Amino acid sequence: MDQSVAIQETLAEEEYCIIAVQGVLCEGDSRQSRLLGLVRYRPEGGGQEHALFLYTHRRMAITGDDVSLDQIVPISRDFTLEEVSPEGELYILGSDVTVQLDTAELSLVFHLPFGSHTRMFLQEVSRAHPGLDPATPDPEFLWLSRYRCARREPEPPATRVWNSAPGTWPGSARIGGGRVHSPRQSLPWRENWCVCIGAAWLSCKSSAALRDWAVHRPGVQKSLVHPGTGGHDEVTGSSSFDDSKPNGKGLLVDQSSRGQDKPENLLPRQNKSKSEITDMVRSSTITVSDKAHILSVQKFGLRDTIVKSQLMQKEEDYTYIQSFRFFVGTYNVNGQSPKECLRPWLSDGIQAPDVYCVGFQELDLSKEAFFFHDTPKEEEWFKAVSDSLHPDAKYAKVKLIRLVGIMLLLYVKQEHAAHISEVEAETVGTGIMGRMGNKGGVAIRFQFHNTSICVVNSHLAAHTEEYERRNQDYKDICSRMQFCQLDPSLPPLTISKHDVILWLGDLNYRIEELDVEKVKKLIEEKAFQTLYAYDQLRAQVAAKAVFEGFEEGELTFQPTYKYDTGSNDWDTSEKCRAPAWCDRVLWKGKNITQLSYQSHMALKTSDHKPVSSVFDIGVRVVNEELYRKTLEEIVRSLDKLENASIPSVSLSKREFSFQNVKYMQLQVESFTIQNGQVPCQFEFINKPNEESYCKQWLHANPSRGFLLPNTAIEIKLALFVNKTTATKLNSGEDKIEDILVLHLDRGKDYFLSVSGNYLPSCFGSPIHTLCHMKEPILDLPLETIRELTLMQLHTEDDGSQLEKSMEIPKELWMMVDYLYRNAVQQEDLFQQPGLRWEFEHIRDCLDTGTIDTLSASNHSVAEALLLFLESLPEPVICYSAYRTCLECSGNLTASKQVITTLPACHRNVFTYLMAFLQELLKNSTKNHLDDNILASIFGSLLLRNPAGDQKLEMAEKKKAQEFIHQFLCNSP
């Protein structure tokens with residue numbers, strides 16, 4: 001996900017976020033997630049200036065509402081940004097990149113995720129430096145004055161150590177036990193900043209001077225940030241606690257630092273010394289025979305593309321299968337902190353694994369973890385796992401990824417570090433509105449030698465009857481989990497595009513058709529196969545609804561849920577949940593042998609029992625001599641194609657018609673590109689004066705690619721209308737019409753036409769428009785819908801208009817009335833997602849006026865209500881009143897006065913919703929809602945920041961929630 005979009009919403013019109021990367025700010029033992037954005041400003045007089053904007057954030061940074069400005073570091077001449085790592089320790093390719101940011105006033109250390117995206121981020125930062133040419137005028141950064149706030153009280157001088165807190169202004173600072181910053185006189189304009197001000201880059205140091213400088217920094221080894229280094233991780237909650245020190249129990253928790261090695265200097269991996277491995281792992285490649293190298297070059301010519309493609313096709317000619325042992329474990333910890341040693345689960349009774357894949361669910365059940373992603377339990381469980389790995393081997397942490405309470409850890413033996421590459425991590429939240437991360441999945445993918453591996457940890461929807469939602473969660477994770485590749489010209493990788501897939505987690509499938517006592521009786525008799533016949537996952541896999549092509553070992557252990565915490569007794573609570581095999585491990589791929597599959601009854605911290613599975617997995621390893629021979633053969637054959645003719649392809653289809661397109665309902669058309677005798681690269685290109693190759697509601701997958709002679713590829717055109725595009729389609733300002741240009745490198749262009757019709761919807765329609773629609777929107781002529789959608793919103797009451805319109809949209813009333821009649825006591829309302837097909841049914845009922853036929857779960861109707869409010873082009877509290885509402889937060893009388901200034905239809909909707917939410921709170925003992933949850937959920941929907949306006953900091957964000965909160969706690 002491109003998080004720079006969220007940052008852009010917080011910037012002024014003349015400011016542009018070039019790129020953003022997720023990182024972790026390290027302060028002593030503290031780890032805090034930060035979003036780093038590189039922002040460019042172009043003064044009217046010419047030139048450009050840059051600054052790093054550091055944001056705190058909650059959940060995934062999807063919109064500006066999800067981030068809050070924390071610090072600004074202008075990029076001027078004395079700014080330095082360097083990769084750092086303690087000397088003498090093992091580096092592992094794929095572990096987080098540690099960078100140190102130094103200015104005259106501060107020093108900050110960040111962990112940035114390894115991968116292609118961080119590489120691009122660091123390259124852009126290097127380009128942003130103004131240089132050391134004295135003829136170039138110093139940047140003035142006057143544009144940053146808009147972020148200035150009240151002057152801080154001066155702080156007493158103090159010596160600053162490695163991880164001093166940001167925002168302090170010491171007289172001196174010691175960084176990494178070496179260099180000391182001398183006190184500098186702050187410029188007058190700097191003294192009024194509430195954010196830390198720094199300055200620019202070190203790339204102009206000569207390599208000799210840098211080596212001399214590094215020698216005098218004991219304990220710290222540094223390398224310049226330069227093109228070719230970096231990483232990718234665009235997910236919320238990903239972090240690292242690497243101190244790069246042995247923990248005394250055989251674990252090396254490592255940092256990575258990479259330079260740029262030339263392939264010809266790389267030796268066979270098996271024969272490398274420790275120093276050579278250190279240098280090698282710094283690089284984004286390992287050997288010329290690895291897929292890591294095959295796809296490592298970002299820009300390459302057609303000849304290189306052909307070589308790489310044919311090398312991958314002929315992989316079996318130069319590789320052999322070698323078996324490695326994998327440990328895969330999953331544990332739902334029910335929000336508990338670790339209270340017992342994890343060795344009975346992780347290391348007792350087994351040989352030391354080569355790779356550990358360890359997943360957790362429900363790491364933290366607090367509201368703070370739900371609405372804000374930080375939690376101290378991440379570090380607690382990370383340490384507990386690290387201390388319990390097998391004592392007969394040393395391990396390095398490759399990656400940690402977390403989404404709220406779902407966490408996945410990947411470790412490898414020290415000796416395998418050099419063979420890990422292309423590490424990427426992503427998350428997918430499947431909670432309500434597809435954003436909440438209380439349910440969903442996290443995944444880590446990597447190359448191990450020449451085999452691609454993807455490990456997925458998921459927590460699917462709960463409750464026995466909700467197997468369809470579990471199926472939907474699984475499909476969402478599969479479709480939305482995408483990993484960037486090192487070569488940006490290649491499309492993202494999905495889970496299915498890996499040689500080996502390991503899927504673990506609390507899948508939450510239950511045992512059905514048996515009462516609790518019958519289940520317990522079969523367990524007591526150890527009749528597990530009889531019980532397994534009633535397992536929901538078995539039934540859904542058999543029906544090919546989920547996990548098609550996956551395998552699972554025989555269940556020879558009793559169900560792992562639900563127990564009384566601290567015991568091996570079945571649930572004795574009032575709900576008395578039936579036992580179930582919620583916690584599972586499945587796999588997909590070749591050369592995989594499961595050696596064990598078991599639960600671990602000795603651990604009693606949670607109401608679940610941990611599960612483990614040990615595998616021997618055959619991995620493709622390169623034979624260097626055979627590789628060189630294969631490469632020579634490919635190059636010789638390629639020479640014959642050098643003078644080939646112009647590439648030409650045939651398309652199976654050039655005209656595409658999408659009929660009766662509906663809001664948030666995907667339609668897909670596909671066609672095939674058949675290549676001729678000449679290798680070719682293809683790409684959809686932008687038309688003149690257009691920013692994208694297609695309109696926002698359309699997407700081609702893949703949008704670019706490469707074809708060998710006489711091969712073909714299927715292209716899918718996906719059409720999806722959401723809140724961004726619906727309003728203009730409703731009004732007729734946009735239509736389902738587009739022309740796509742398919743361009744062949746060194747060849748001609750092909751034109752594809754897209755047409756269709758959109759069925760207008762109440763979703764994406766303005767409030768005042770819907771109030772004037774007394775008939776269902778689909779019963780109205782298109783011209784009437786167009787006129788009403790384009791009608792201006794009047795801020796003052798107009799008696800003649802009031803006679804023509806309803807007080808609130810009938811569609812809003814239908815949903816709220818349904819919930820009032822059926823769901824005021826519904827547990828976890830507005831916190832659990834509904835079913836997609838039920839949302840489509842609800843939308844159709846609203847758009848056709850057939851509310852009598854509405855039949856859907858309470859959760860689906862609740863989510864539809866939230867999606868309706870999110871789709872409003874003008875929010876319930878109009879953009880023009882936004883700032884005033886913040887200023888009135890905490891003053892109920894003044895806040896009520898602001899509401900009276902809203903247009904009548906908006907005022908009526910706000911009053912109606914507040915009355916409904918207050919009714920829900922009266923039933924909080926049943927539905928478990930409280931005013932803070934509702935204020936957080938509805939605050940960002942009813943009170944939205946105007947597009948392009950400066951984003952609020954966290955304190956002001958809370959004012960927006962407080963504005964809604966005061967209406968929930970008081971009568972309107």
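Me: Among contacts in the chain between residues at least 6 apart in sequence, what percentage join residues at least 24 apart?

Reply: In this predicted model, 73% of the contacts between residues at least 6 apart in sequence join residues at least 24 apart. The chain has 972 residues, of which 58% count as buried, and it holds 28 helices and 34 strands.

Me: What makes E422 count as buried?

Reply: Buried requires under 20% relative accessible area, and E422, at 7% relative accessibility, therefore counts as buried. E422 lies in strand 17 (residues 420–429), and its phi is positive, about 50°, although E422 is not a glycine.

Me: Why is C576 called partly exposed?

Reply: The class lies between the buried limit of 20% and the exposed limit of 50%, and C576 has 29% relative accessibility, so it counts as partly exposed. C576 sits in the loop between helix 14 and strand 23, and its phi, near 50°, is a positive value in a residue other than glycine.

Me: Which peptide bond involving K562 is cis, and where is K562 placed?

Reply: The bond from Y561 to K562 is cis, with omega near 5°, and K562 is in the loop between helix 14 (536–542) and strand 23 (583–589). Another cis bond runs from N701 to P702, with omega near -5°; P702 is in the loop between strand 30 (698–701) and strand 31.

Me: Why do strand 27 and strand 31 stand at the edges of their sheet?

Reply: The sheet is open, with five strands in the order 27-34-33-29-31 and mixed pairing. Strand 27 (655–661) and strand 31 (704–707) each have a single partner strand, so one side of each is left without a neighbour in the sheet. Neighbouring strands of this sheet are turned by 20° against each other on average, direction ignored.

Me: Over which residues is the pLDDT below 50, given the mean for the chain?

Reply: The mean pLDDT of the chain is 80, and 77% of its residues reach 70 or more. Residues 150–300 have pLDDT below 50, although this stretch has 451 contacts in the model beyond near neighbours in sequence; residues 796–802 are also below 50, with six such contacts. Where pLDDT is low, the predicted coordinates should not be read in detail.

Definitions and conventions
Residues are numbered from 1 along each chain as its sequence is written. This is a predicted model: local features need pLDDT of at least 70, side-chain atom pairs count only at pLDDT 80 or more; totals for chains, interfaces and linings use all residues. Side-chain values use heavy atoms; hydrogens and water are left out. Two strands pair if DSSP finds at least two bridges between them. Helices (H or I, at least four residues) and strands (E, at least two) are DSSP runs, numbered from the N terminus. Axes are lines fitted to C-alpha atoms, for helices over the stretch in contact, and angles run from 0 to 180 degrees between N-to-C directions. pLDDT is the predictor's confidence in each residue, from 0 to 100. Contact means heavy atoms within 4.5 Å. Buried means under 20% relative accessible area, exposed over 50%, partly exposed in between (1.4 Å probe, protein chains only).
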